[in-house]
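Thank you all for coming. I would like to walk you through one model today, beginning with a single residue and then widening the view to the whole chain.

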Amino acid sequence: MTQSRPSSMRDDAGDGSSDQRSDERADAARNRAKILAAAEEIMAARGVEALSMADVAAAAGVGVGTLYRRFGDRAGLAHALIDRREREFQAAYLGGPPPLGPGAPAAERIRAFLHALATRTVNQLDLLLVAETAAPFARFGGAYHAYHRHLAILIAEARPGRDASYLADALLAPLAANLLAYRIGGEQRLTLKAIRAGLDDLLAGVTGPDGGAAEGRR
């Protein structure tokens with residue numbers, strides 16, 4: 001007949017296992033921070049084109065395999081670099097002050113959201129270009145889904161009865177990273193001011209003149 005271990009032994013073993021897991025999580029967090037810091041330094045010095053997995057791993061002092069296990073590929077690393085700015089942006093439009101955050105009419109919030117997203121996209125355009133073009137549908141990930149849902153809810157409020165889902169896609173389409181990179185870097189030399197003006201014109205067709213702000217107040 002086998003004997004079970006005393007409870008004190010089981011508790012000690014459990015505590016040790018928990019401590020080990022905590023140490024492993026702390027090590028993983030430190031490695032992640034080192035990797036992202038190394039990637040940012042490489043980008044600052046040589047641009048996003050120099051962001052290779054091998055160079056980042058060497059600069060961070062970790063194996064290339066560690067990088068691939070943690071981030072998947074170069075696009076995954078780009079997404080991780082984008083993530084901090086993305087969290088700040090989501091916090092602003094979900095819970096920040098109006099008109100970007102709650103408290104303003106729906107049409108005004110849509111306009112503020114599109115203007116803020118345009119700025120955010122232009123500021124991180126090189127990274128977003130890598131992340132959004134890694135696969136045919138890479139653009140339509142978690143962030144896009146959140147943007148689409150947010151806009152669809154506001155469009156449904158501003159214009160009941162319209163196809164809010166389709167219109168949300170239509171308003172987001174001009175902010176695709178590859179299109180902006182093409183227009184900003186090509187002969188057109190598109191500016192952020194022009195991008196915002198164009199979005200206002202599109203929005204007028206969805207919510208009414210002046211971005212629908214007047215109707216949003218009714």
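This is a predicted model: local features need pLDDT of at least 70, side-chain atom pairs count only at pLDDT 80 or more; totals for chains, interfaces and linings use all residues.

**One residue and its neighbours**

Leaving aside residues up to four places away in sequence, Leu127 touches Met43, Val48, Leu51, Ala78, Leu81 and Ile82, where contact means heavy atoms within 4.5 Å. Residues are numbered from 1 along each chain as its sequence is written, and side-chain values use heavy atoms, with hydrogens and water left out.

Leu127 lies in helix 6; helices here are DSSP runs of H or I with at least four residues, strands are runs of E with at least two, and both are numbered from the N terminus. Is Leu127 buried or exposed? Leu127 is buried, because its relative accessible area is 7%, and the word buried means under 20%, exposed means over 50%, and partly exposed is in between, using a 1.4 Å probe and protein chains only. Val48, one of the residues that Leu127 touches, is 79 residues away from Leu127 along the chain, yet their C-alpha atoms are separated by 6.8 Å.

**The chain as a whole**

The protein chain has 11 helices and zero strands. Of its 218 residues, 37% count as buried. If we take contacts between residues at least 6 apart in sequence, 65% of them join residues at least 24 apart. The chain exposes about 12500 Å², and carbon and sulfur atoms supply 53% of that area, which comes from the Shrake-Rupley method with a 1.4 Å probe.

**Two pockets**

Rolling a probe the size of a water molecule over the atoms shows where empty space is left. On a 1 Å grid over the protein atoms alone, a pocket is an open set of points where a 1.4 Å probe fits, with protein on both sides within 12 Å along at least five of seven lines, and its lining residues have an atom within 4 Å of a point. A volume is the space filled by probe spheres set on those points, which are joined across faces, edges and corners.

The largest pocket has a volume of about 370 Å³. It is lined by 20 residues, of which His79, Glu86, Leu128, Ala143 and Tyr144 lie nearest its centre. Which element gives the largest share of this lining? Helix 4 does, with six residues.

The second largest pocket holds about 170 Å³ of space.

**Helix 7 and a proline pair**

Tyr144, which lies among the residues nearest the centre of the largest pocket, is also one of the buried residues of helix 7. Those buried residues pack against helix 4, helix 5, helix 8 and helix 10.

Finally, please look at the loop between helix 4 and helix 5, where Pro99 lies. A cis peptide bond joins Pro98 and Pro99, with omega about 10 degrees.
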